[in-house]
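Hi there,

Here is the structure I promised to pass on. Have a look at it first, and then read my notes below.

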Amino acid sequence: MDPGQSGTGSGPVTASGAGSGFDPNVPNAARMYDYFLGGKDNFPADRAAAEQVLKHVPEVPLGIRENREFLVRAVRFLAGRGIRQFLDIGAGLPTQRNVHQVAAEHAPGARTVYVDNDPQVLAHARALLQDSPEVRVVQGDLRRPEEILAHPDVRGHLDFGRPVAVLLLAIVHFLPDSDEPRRLIGRIRDALAPGSYLAMSHVAVDERPERAPDVERIYQGASAQFVARRSGEITPFFEGLDLVEPGVVNLHQWRPEHDAFDPRLLGVVNYFLCGVGAVR
Ligand SMILES: C[S@@+](CC[C@H](N)C(=O)[O-])C[C@H]1O[C@@H](n2cnc3c(N)ncnc32)[C@H](O)[C@@H]1O
């Protein structure tokens, strides 16, 4: 952390503690996200890149807050459907209301595995989240789903013979088409028992396609590269799932629990799509 910054609450996690691959001078997608959320786990390079993004799309923090609200509603919904095992891939830096905390409120004893490929995310998650026997933190890369699914800590903590909810929130838009995201998502889906669920969210650029190249360019120099997609390119990622109502919609439209949305969202075309689907 920057000198004098407090991180997320349990003391600083140093660069050396973060392991290889940690570079405060390279904008980092997880730390930029933290900055957009108003967090303190970010460095000047992250803040500079995030501020550039905001010049093109000032509504980013609004979308990201909606994404976290979707996470809470989706986990609550899944707990209500009897899910007691969560695999959160691309978990991000710990923040408020992390998956296992929401799950614990609605399904005491539920187990969660957090997966990320970012060394700083892993260091923070291990320091801040793995304080409960229900939680594991695992290094893994969505581009290699077999390794995640075969990881001993994943297998040891989750029983894939029973339903599991996999969360892919705000991560698939970091997979280029050359990584074949549909195939990768399909590998995970096909490894899940009937009664399992997959929840996903993905930025959509339908609203401001002309600004997408600038945002992509900013992320080119970051730890993960944002890929701009329109709705028509995102909905196929949900194929093979039985989507729960209301299907693939903007974040604030997915099973809303109150009517008091930020007025800036009214009338907005697709800006950040999400959905939850049951595995057949
Ligand atoms: C924008 S954050 C999303 C955090 C959280 N899922 C949420 O929705 O609030 C994206 C996270 O995905 C991680 N990530 C990006 N590409 C990844 C990959 N190929 N495998 C695993 N994690 C990845 C980043 O390190 C970052 O922590």
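How far does a polar side-chain atom of Asn-117 lie from a nitrogen atom of the ligand? The distance is 3.4 Å. Please keep in mind that this is a predicted model, so treat the distances as computed values from that model.

In Tyr-33, a polar side-chain atom is 2.5 Å from a ligand oxygen. For Asp-116, an N or O atom of the side chain lies 2.7 Å from an oxygen atom of the ligand. As for how covered the ligand is, it would expose 600 Å² if taken alone, and the protein buries 97% of that area.

Now the shell as a whole. It consists of 19 residues, and the closest ones are Tyr-33, Asn-67, Arg-68, Gly-90 and Asp-116.

Strand β2 (residues 111–116) runs parallel to strand β3 (residues 135–139), and five bridges join them. Within this pairing, Val-115 sits opposite Val-138 of β3. To get from β2 to β3, the chain passes through helix α6 (residues 119–128), and this β-α-β crossover is right-handed. Asp-116, mentioned above for its contact with a ligand oxygen, falls within the residue range of β2.

Best wishes

Terms used:
Residues numbered from 1 in each chain as written. Predicted model: local features only at pLDDT ≥ 70, side-chain atom pairs only at ≥ 80, totals over all residues. Heavy atoms only, no water. Near = heavy atom within 4 Å. Polar contact = N/O pair within 3.5 Å; in protein donor to acceptor, adjacent residues only side chain to side chain. Areas by Shrake-Rupley, 256 points an atom, 1.4 Å probe, with all protein chains shown as cover. Pairing = 2+ DSSP bridges. Helix = DSSP H or I, 4+ residues; strand = E, 2+ residues; numbered from the N terminus. Right-handed = clockwise from strand over helix to strand, strands pointing away.
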